[in-house]
Amino acid sequence: MNTIIKKQAIVQSLDSMNDGDMENVLGYIKELLYNEQLDMTYQDFKKQAMIQINQALDDNKKLVTA
């Protein structure tokens with residue numbers, strides 16, 4: 001089966017699904033893609049970025065008021 005036929009089969013399957021079935025498929029895909037370790041790393045990255053942004057803003061305020 002070539003790639004185009006596979007894609008067409010997937011599209012036809014999705015078209016024939018009701019909203020509940022689509023939500024189940026999306027939930028299943030999200031479970032496959034979710035990696036707790038990557039999520040924790042990303043959350044830590046965001047936290048560190050926010051700390052650095054706040055420090056930079058505080059330093060900028062000190063410079064402006066001085």
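Leu 26 has a relative accessible area of 44%, so Leu 26 is partly exposed. The cut-offs are these: buried is under 20% relative accessible area, exposed is over 50%, and partly exposed lies in between, with a 1.4 Å probe and protein chains only. This is a predicted model, in which local features need pLDDT of at least 70, side-chain atom pairs count only at pLDDT 80 or more, and totals for chains, interfaces and linings use all residues. Residues are numbered from 1 along each chain as its sequence is written, and side-chain values use heavy atoms, with hydrogens and water left out.

**View 1. The whole chain.** The protein has three helices and zero strands. Its elements run α-α-α from the N terminus on. Helices (H or I, at least four residues) and strands (E, at least two) are DSSP runs, numbered from the N terminus. The C-alpha atoms fill a box of roughly 70 × 25 × 25 Å along the principal axes. The radius of gyration is 23 Å, whereas a compact globule of 66 residues would have one near 11 Å. That radius is taken over C-alpha atoms, and the globule rule is 2.2 Å times the number of residues to the power 0.38. Of the 66 residues, 0% count as buried. Accessible areas come from the Shrake-Rupley method with a 1.4 Å probe; for residues, only the protein chains shown count as cover.

**View 2. Helix H1.** H1 covers residues 3-16, which is 14 residues. From first C-alpha to last it reaches 20 Å, close to the 20 Å expected at 1.5 Å a residue. The expected span is 1.5 Å times one less than the number of residues. The count of buried residues in H1 is zero. Val 11 lies in this helix. With 46% relative accessible area, Val 11 is partly exposed.

**View 3. Helix H2 and its cap.** H2 holds 15 residues, 19-33, and its end C-alpha atoms are 21 Å apart, in agreement with the 21 Å it should span. H2 is hardly covered, with a buried count of zero. Asn 18 caps its N-terminal end: a side-chain oxygen lies 3.1 Å from the backbone nitrogen of Gly 20.

**View 4. A nonpolar patch.** Leu 26, Tyr 28, Ile 29, Leu 32 and Leu 33 make a nonpolar surface patch of about 550 Å². Both Leu 26 and Tyr 28 belong to helix H2. Tyr 28 counts as exposed because its relative accessibility is 51%.

**View 5. Distances from Leu 26.** Val 11 and Leu 26 are 15 residues apart along the chain, and their C-alpha atoms are separated by 14 Å. Leu 26 and Val 64 are 38 residues apart in sequence and 50 Å apart in space, C-alpha to C-alpha.

Technical notes. A polar contact is a pair of N or O atoms within 3.5 Å; within protein, one must be able to donate a hydrogen and the other to accept it, and residues adjacent in sequence count only if both atoms are side-chain atoms. Patches are made of residues with over 30% relative accessible area and no salt bridge: like charges are joined within 9 Å, nonpolar side chains (Val, Leu, Ile, Met, Phe, Trp, Tyr) within 5 Å. A salt bridge is a side-chain nitrogen of Lys or Arg within 4 Å of a carboxyl oxygen of Asp or Glu.
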